[in-house]
Structures are given as structure tokens and as C-alpha cells.
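Good morning. I have one structure to go through today, and I will start from the inside. Please have a look at it first.

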Amino acid sequence: MSAGTVSTTRMILEIRGKSKLDCELKRHLSPKTVGIIMRSLPLDGNAHFMGQNIVYFETKVNSGIERQKKEFKKGDIAFTPAGSSICLFVSDVVTSKPLTPIGKILTNVDALKDVTSGDVISLYLG
């Protein structure tokens, strides 16, 4: 585990060529899903959008829905089994389908506003 606690792991979320954001995955939010993601690192994929408030990238992570919720705050990180995608919240959102909460962006959340479709997003240990 990287710096943090047993339950929290510090990570880097990189928008390639644009910015790096500090974030953390929180095992207590969804232990099974966060464990699978940790074993799958590093992850990267092209940026896509769900409306204007959610940036996501597809992964090869295979996990079902866990400790689902529909309300997310700006900077939250979630996983959706549909497309095996990691979702990043640009602003507060109530989603139509439940997602699995997995963590939080700690710095520079507003950099997500500069993401364009096709940008490469990477998640790795910091």
C-alpha cells in the first residue's frame, strides 16, 4: 500500500499532457471493488462524458455493483459495471443509475473541466 492508511490509498489521476490530480481510493467505501482496482493498476483509458458533470474512462476491471448510491459530490470517484468505467464527478450529481463509490479527488478538481473527449486518463499509485 502507498502512503495512507489500511483503508485509504493515495493515487495519482493524470490527464495526460494536461494535469495530475492527487486522489485516494477508500477501501471502506466498497472493499471488493477497490481491491480489484488496486490489483489492476495502473489503469488508463480515453475520456468520455455522461452529460456535462461526469467524466469517465473504461477499464478492464470486472466487478459488480457494491454499496451503491446515486448522490455524488464534486470530486467523488465511482465505478460502474456498465462499461467497467471509473467515473469522476465535475460537480454535485444525482445519477439515474446507482454507482459504486470508490474514492475522492483531493486536489485540483477543476482540472476535470479541461478534459476533452479522447484525452487519456491514467490512474496509478503516487
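The largest nonpolar core has 29 residues. By nonpolar core I mean a set of buried Ala, Val, Leu, Ile, Met, Phe, Trp, Tyr and Cys residues joined through side-chain atoms within 4.5 Å. Buried is under 20% relative accessible area, exposed is over 50%, and partly exposed is in between, with a 1.4 Å probe and protein chains only. Those with the most contacts inside this core are Leu-13, Ile-37, Ile-86, Leu-88, Ile-105, Leu-112 and Leu-123. Helix H1, residues 31-40, gives the most to this core, with four residues. A second, separate core has eight residues, among them Tyr-56, Phe-72, Cys-87 and Phe-89. In soluble globular proteins, nonpolar side chains tend to be buried together.

A word on the source. This is a predicted model, in which local features need pLDDT of at least 70 and side-chain atom pairs count only at pLDDT 80 or more, while totals for chains, interfaces and linings use all residues. Residues are numbered from 1 along each chain as its sequence is written, and side-chain values use heavy atoms, with hydrogens and water left out.

What does Ile-105 touch? Leaving aside residues up to four places away in sequence, its partners include Leu-13, Leu-21, Leu-88 and Leu-112. A contact here means heavy atoms within 4.5 Å.

Now the whole chain. One helix and nine strands are present, in the order β-β-α-β-β-β-β-β-β-β. These are DSSP runs, numbered from the N terminus: helices are H or I with at least four residues, strands are E with at least two. The radius of gyration is 13 Å, close to the 14 Å from the globule rule for 126 residues, so the chain is as compact as a globular protein of that length. That radius is taken over C-alpha atoms, and the rule is 2.2 Å times the number of residues to the power 0.38. Buried residues make up 48% of the 126.

Last, the backbone. Most residues other than glycine have a negative phi, and most peptide bonds are trans. The bond from Leu-41 to Pro-42 is cis, with omega near -5°, and Pro-42 sits in the loop between H1 and strand S3 (43-50). Arg-67 has phi near 45°; Arg-67 is in the loop between strands S4 (54-58) and S5 (69-72), and is exposed at 52% relative accessible area. Asn-108 has a positive phi of about 55°. Asn-108 is in the loop between strands S8 (93-105) and S9 (120-125), and is partly exposed at 44%.
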